[in-house]
Amino acid sequence: MNVNVRQNDISHIVHADKEHVWHHLTQHSKFDTVDPLIIVEGEGMRVWNQTGREHLDAVSGGVWTVNVGYGRERIANAVRDQLVKMNFFGGSMGTIPGAMFAERLLEKMPGMKRVYYSNSGSEANEKAYKIVRQIAHNRSGGKKHKILYRERDYHGTTITALSSGGQDERKAQYGPYTPGFVEVPHCLEYRAQFDTDEEYGIAAANAIEEVILREGADTVGGLILEPVTAGGGVIVPPEHYWPRVQEICRKHDVLLIIDEVVCGMGRTGTWFGYQHYGVEPDMVTMAKGVASGYAAISCTVTTERVFDLFRANPDDPMSYFRDISTFGGCTAGPAAALENMSILEEENLLENCTEMGNYALERLEWLKSRHDMIGDVRGKGLFLGAELVADRETKEAVHESVTHTVVAHCFAQDAVIIGATNRSLAGLNNTLCLSPALICTKDDIDEIITSVDGALKAVAAV
Ligand SMILES: Cc1ncc(COP(=O)(O)O)c(C=O)c1O
């Protein structure tokens with residue numbers, strides 16, 4: 001059959017998908033009775049599925065990625081022009097967009113100096129872990145090799161990235177895991193784990209130090225944290241948390257890695273989430289919003305101090321970073337990222353993110369005042385969550401089926417796509433997630449809130 005005819009035959013596309021594509025995070029038995037959804041087109045905040053139905057996307061491509069919205073011809077053109085000129089060369093050589101994007105990115109990250117390219121958030125974090133491990137081998141015979149991660153945080157899907165994942169359900173059945181990763185407690189005050197007279201942020205940070213001391217500071221080389229936890233329930237850290245974390249890392253000579261895979265590139269209203277808190281990281285990883293999903297790109301950014309450790313001993317043949325990521329040499333990523341950054345600047349999208357984020361948070365508070373099922377709302381910029389409970393007093397979480405019903409109701413009734421914590425935390429998959437593109441308007445937010453309002457009403461009435 002002629003390929004073009006096939007491409008225009010949407011029923012064939014649905015059939016091909018149903019027969020041959022293994023979807024992410026999906027139990028496929030449901031496709032025995034319903035068709036998979038195919039997203040065919042996108043423009044601004046909206047996408048269209050195979051039936052022609054228009055949806056308002058409140059989650060930037062499902063997984064907080066398309067920060068500048070759909071249908072950006074200038075990004076597509078920049079990528080096209082670059083691909084025709086020079087599509088790829090392995091990363092031991094430079095490329096024009098690679099050099100230019102690194103320079104522009106670092107202008108937004110005072111104190112940071114080097115950019116290492118790869119192609120997914122998981123991979124960017126793996127690079128950071130390898131850097132910690134190699135430094136440990138060179139400085140302490142491998143002793144200071146342990147990497148701490150936080151309960152409820154997520155850093156990726158590969159076995160080692162999952163080894164540093166703080167989500168029990170996400171990890172279940174995929175072990176055994178890479179040794180040398182140790183969990184520290186989460187900092188969500190709504191689900192407080194510390195009975196303390198101190199500020200909660202200080203207590204939660206001190207819990208990290210306790211783990212360092214328990215493990216032995218001479219064995220701990222790195223700590224990885226999300227600035228605001230994403231898939232673990234949109235956790236905005238309490239006041240005083242970050243400065244204390246920084247102090248603890250410095251005191252014990254622990255490299256601080258900040259995972260900006262979700263928060264990076266404006267999602268919380270600053271270029272990077274850590275910039276809200278005055279933190280000075282040793283490494284920063286990023287992916288999703290870096291090119292808004294127009295091309296695959298991730299970066300592991302380090303300070304000059306970290307970078308210097310890998311060039312200090314040219315006589316030692318093993319002392320440089322002996323790592324490669326084939327697709328880190330694709331030029332589409334940095335070409336798209338450059339254009340993406342220009343759009344964020346020219347359209348003042350960081351400012352819009354802050355303004356619309358504040359508005360959305362107000363509207364979520366209003367929803368909370370109407371629905372006992374909302375136990376807590378939280379967020380920063382256009383990165384928001386509402387935690388659903390069966391009982392406000394005891395904070396007992398709703399069953400995950402209730403969360404899913406709310407999401408499904410918004411989708412079916414109003415064609416609004418919202419998200420939720422997804423088979424991540426046993427008994428706590430109860431947070432609705434909103435992360436619209438940074439171009440969104442008050443009207444978009446009103447439409448989203450009205451939809452969630454209707455869904456909560458419908459679910460409460462059952
Ligand atoms: C905070 C965080 N880090 C890392 C990752 C992994 O990124 P990727 O799926 O691109 O490997 C994710 C993905 O959702 C994430 O949310």
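The model is predicted: local features require pLDDT of at least 70, side-chain atom pairs count only at pLDDT 80 or more, and totals for chains, interfaces and linings use all residues. Residue numbers start from 1 along each chain as its sequence is written.

Helices (H or I, at least four residues) and strands (E, at least two) are DSSP runs numbered from the N terminus. Four strands form an open sheet of mixed pairing in the order S1-S2-S3-S14; its edges are S1 (39–43) and S14 (416–417), each of which pairs on one side only. Two strands count as paired if DSSP finds at least two bridges between them. S2 (residues 46–49) and S3 (residues 54–57) run antiparallel and are joined by three bridges, and Arg46 stands opposite Leu56 in S3.

Helix H13 (residues 349–370) has 22 residues. Its buried residues (20 or more other C-beta atoms, placed from the backbone, within 10 Å of their own; exposed means 12 or fewer, partly exposed in between) are Leu349, Asn352, Cys353, Met356, Gly357, Ala360, Arg363 and Leu364. They lie on the same side of H13 because they cover an arc of only 135° around the axis, taken from the directions from the helix axis to the C-beta atoms. The face turned away from the buried side carries the exposed residues Glu351, Glu365 and Ser369.

The ligand is surrounded by 16 residues, each with its C-beta atom, placed from the backbone, within 6 Å of it. The closest are Ser120, Gly121, Ser122, Gly156 and Val261. Helix H6 (residues 121–140) gives the most to this shell, with three residues.

Methods: Expected span 1.5 Å × (residues − 1).
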